[in-house]
Amino acid sequence: MAEKKKIRLKVLRQDGPEERGTRRWEEFDVPWHPQMNVISALMEIQKDPRTADGTKTVPVVWEASCLEEVCGSCTMLVNGKVRQACSALIDQISPDGQPITLAPMSKFPLVRDLIVDRSRMFDDLKRVKAWVQLDGSHELGPGPRQSPENQEEAYPLSRCMTCGCCMEACPQINDRSSFVGPHAISLVRLYNLHPSGKMHAAERLETLMGPGGVQDCGKAQNCVEVCPKEIPLVDSIAVVSRQVTKQMLFGWLLT
Amino acid sequence: MAKPTSIVTDSGKVRRVVVVGGGLAGLTTVIKLCEAGIPVDLFSLVPVKRSHSVCAQGGINASVNTKGEGDSPEVHLEETVYGGDFLANQPPVKGMTYAAPGIVYMLDRMGVPFNRTPEGLLDFRRFGGTLFHRTAFAGATTGQQLLYALDEQVRRFETVDVENEKGVVIRGEKMVRKHELWDFLGIVLDEAGVARGIVAQDLKSMEIASFPGEAVCLATGGPGIIFGKSTNSVINTGTAASAVYQQGACYANGEFIQVHPTAIPGADKLRLISESVRGEGGRIWVPKDPKEKRRGRDVPESQRDYFLEAKYPGYGNLVPRDIASRELFLKCFHEGRGVWNDKSGKNELEVYLDVTHLPKDILHKKLAGVLEIYEKFVGEDPYTNPMRIFPAVHYSMGGLWVDYEKSADGRLVVGSPRNQATNITGLYAAGEVDYGYHGANRLGANSLLSCIYGGMVAGPAIATYVKNLDKSALDVKSSVFEKAANRERERYAAVLQMNGSENPYKLHEELAAVMLRDCTIERHNGVLDDVIAKIDELEERYLDVGVTDASPRANQGAQFVRHLKNMLVLARVIAQGARNRDESRGAHFKPEFKTRDDENFLRTTMALYEKGTGGKSVVKYVRGLEYGLLGKTVRVTDDVDISLVKPRPRKYETAGAASHAVSDVPPKEPKASAKTAVRPQTPGGDA
């Protein structure tokens, strides 16, 4: 039998946010398996932590949890494209055995290697009040009736994993901007759709007025291209933008 | 020390409860505590929005009877107990099934986008082990949707100020403080053995610290990663449960591990294909000709063997998971009838799960999330090609032993501090990490329910406990916390020093290989002896591990070594429990002992940790135990409470067998009689 097929990984590494001097590319050759993805390739490094030239090294670190693209943990740049590493199948991204490059997202503070700190996204969810104002978890009978159409509009929006793809791809997100980003705006749309969430729509819309709000969108439309859950982010921004404008113009009349 | 009367101490410090784990059970516990006015420190291995609950697909059970089939919480109780082969204590199950409709309504109010009927009501679908439409669902990503709804409510509490009993705001203190990306190391025990907080490690800075807690609730999920590849997230190593087990907590029914019949074989994970696929009409089959070379879609109807439908005409493709998994295993492993693969020249361990006969628009509305996973990870269109699937380790029915207090009507006494309490005073557990609701086999769509119900019970139980404490954790000597943190710091330093020759990831691979092969669907005593010998060997070799990473930041290598040790300890509980139980019950199947033996084994396996020699752990099994609670001593035994549904053999060949004995309840429990059972609908939860 021919020598076992290998996969070449090129990984951008750095030991910590302050340790700029440790920023480096390391290359690894790992044995190929059927149905292999980027995560299982990285796992191979843990079992035999040596670079392609045989030098002993420390295994690469990365974030992962569900491995089926519903938790949003393992977002990174795979061959320069932002996506989840678990659903990046080796045979698809490297059909002829081309080297695969892995790098951390660039729009978030680096923690180490492929791990970045996405806590700003969760803070943004607080900022836009992405929740239904519940009276309590005690029994209050059935919820409000909703048409199947309403559910069909809400459900795709509700699949946002806070994975960071849209933030990474958005040209408006950078060190100098406070733009909340497409994910948070889309969740405002979601909660403004819900029959009782609607009652607090104005509060949510207020958070999106002014700097960092919906008007900071530069309409590049990159977000919708990279969203792994195909959430209609551009539509959401348009819908919420209209709601914000209406609130700004007529809000005082409505309240 | 004066008995604390306020949630704020005289010196202005806020008394908090520690909740570990941010999945459905943990988040529900947090919400209940906040509503009771008790602030929380919430710890999680991952940002809570990424907890393993996201992986649940199919739905959540609640007998709302929207379809007018005569379903009721009483039938739900009956079928859950029957499906669990009568090993579950029945009062907690009854509490859960009666609370279920209220739980689903609450989730709906929180904004979960449940699928709807044309009238705008919640839609329900079928799941395993029942003939009723009982499962509410949000597409095929229900767990994700439920988790997000609870996550959002908890996030709201992150913005709510702490107030004392007089409504005075405590500046700078919020109801919930989240500590995400922290690894639980152990509980802090005071001189009297009462849990007074936890020790945890920040996974970015690797700093180890102790945190006081008036009580601690573990909601840390299952231990699936002990089996290597499973449907579980990679974080599900069971490390937290194992840590408190080693600190004296009792672990119950560890040997009951659910193998889900339908998952996609994969290199890093076995991705679940939800039971809801069969609930919506999906069918399992293999070609009648074992050497069938045509693709699944090209095999004509007459040449397919729908073996579950043939053998179990009553429940067909929706027999409970333990039975379906065994049948698939029998078909592929023993009969060699798995799908033929021309490339490999053999019958693979795969059968077909087929939805190609169902209308595409229905599939899209109800199952898109799960079919998308198949499409993405297999690269084949499941709308036109039958899916190829095989069983995979999925869920642990066993877990930390937890108590309950039974009410007069056979449910739980709401707010009793015994509910969800472990045998370590002040330590509670809820969710998959507890053993309480599923007996020997869990029915599909009951796990989301038991997680949320567990949290709804744990919250008020802990609130009662905290309000009746003699002494606050904040009044415990600081040296107790320092000592606990220092002990963990020393342990961690010792791990960083490990420079032996064994690779920890390879040791895990060896453990997983034997656990998966020999301790899942079929168990033989001789083989189990070998499994235990292997665990002996691995615990010895663990001492010679070389840590792969010694760096001070985001050190996953050292963290994994710790988890590995904890997995080895829990693996022994599972394997030894299986070895000891000489019968077949639910997910535990021994060909040498094919039948259920109620006389000898209708009892809870209760395991306590003992330190052995040479790095090895020892499991001590007990028939009962006692623990202290608010000045009283509680005594419990391993007897199972079967007061509501009388045990009988399971017969899924016959339609309705799981529920037909609703009228057959022992007369001594009049409230659970047939009269209750035939009530058309009982919304509302625990009275």
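Mentor: Chain B is divided into domain 1 (17-255 + 397-481 + 627-677), domain 2 (260-393) and domain 3 (493-604). The model is a predicted one, and what follows should be read with that in mind. The centres of domain 1 of chain B and domain 2 of chain B, taken over C-alpha atoms, are separated by 32 Å. Contact between these two domains involves 29 residues of domain 1 of chain B and 28 residues of domain 2 of chain B. On the side of domain 1 of chain B that touches domain 2 of chain B, there are 16 polar, nine nonpolar and four charged residues.

Now the strand itself. Strand β1 of chain B covers residues 17-20. Val17(B) and Val19(B) point one way from β1(B), while Val18(B) and Val20(B) point the other way. Val17(B), Val18(B), Val19(B) and Val20(B) are all buried.

β1(B) has a parallel pairing with strand β2 (residues 40-44) of chain B, made over four bridges. Within that pairing, Val20(B) stands opposite Phe43(B) in β2(B).

Chain B has 16 helices and 27 strands. Its radius of gyration is 24 Å, close to the 26 Å that the globule rule gives for 687 residues, so chain B is as compact as a globular protein of that length. The C-alpha trace of chain B spans about 80 × 65 × 50 Å along its principal axes. Buried residues make up 62% of the 687 in chain B, and the four valines of β1(B) are buried as well. Among contacts in chain B between residues at least 6 apart in sequence, 74% join residues at least 24 apart.

Chain B also touches chain A, with 59 residues of chain B and 58 residues of chain A taking part in the contact. On the chain A side, the elements that give two or more residues are α1 (38-47), β6 (110-112), α3 (119-127) and α4 (148-157) of chain A. Of these, α1(A) gives the most, with five residues. The side of chain A that touches chain B divides into 27 nonpolar, 22 polar and nine charged residues.

Chain A has its own domain assignment, with domain 1 (6-116) and domain 2 (119-254). The centres of domain 1 of chain A and domain 2 of chain A, over C-alpha atoms, are separated by 32 Å. Their contact takes twelve residues from domain 1 of chain A and eleven residues from domain 2 of chain A. Strand β4 (residues 81-84) of chain A gives the most to the domain 1 side of that contact, with three residues. The residues of that side in chain A divide into five nonpolar, four polar and three charged.

Methods
Residues numbered from 1 in each chain as written. Chains lettered and ligands numbered in written order. Predicted model: local features only at pLDDT ≥ 70, side-chain atom pairs only at ≥ 80, totals over all residues. Buried ≥ 20, exposed ≤ 12 C-beta atoms within 10 Å, placed from the backbone. Pairing = 2+ DSSP bridges. Domains from an automatic or database assignment. Contact = placed C-beta atoms within 7 Å. Nonpolar A, V, L, I, M, F, W, Y, C, P; charged D, E, K, R; others polar. Rg over C-alpha atoms; globule rule 2.2 N^0.38 Å.
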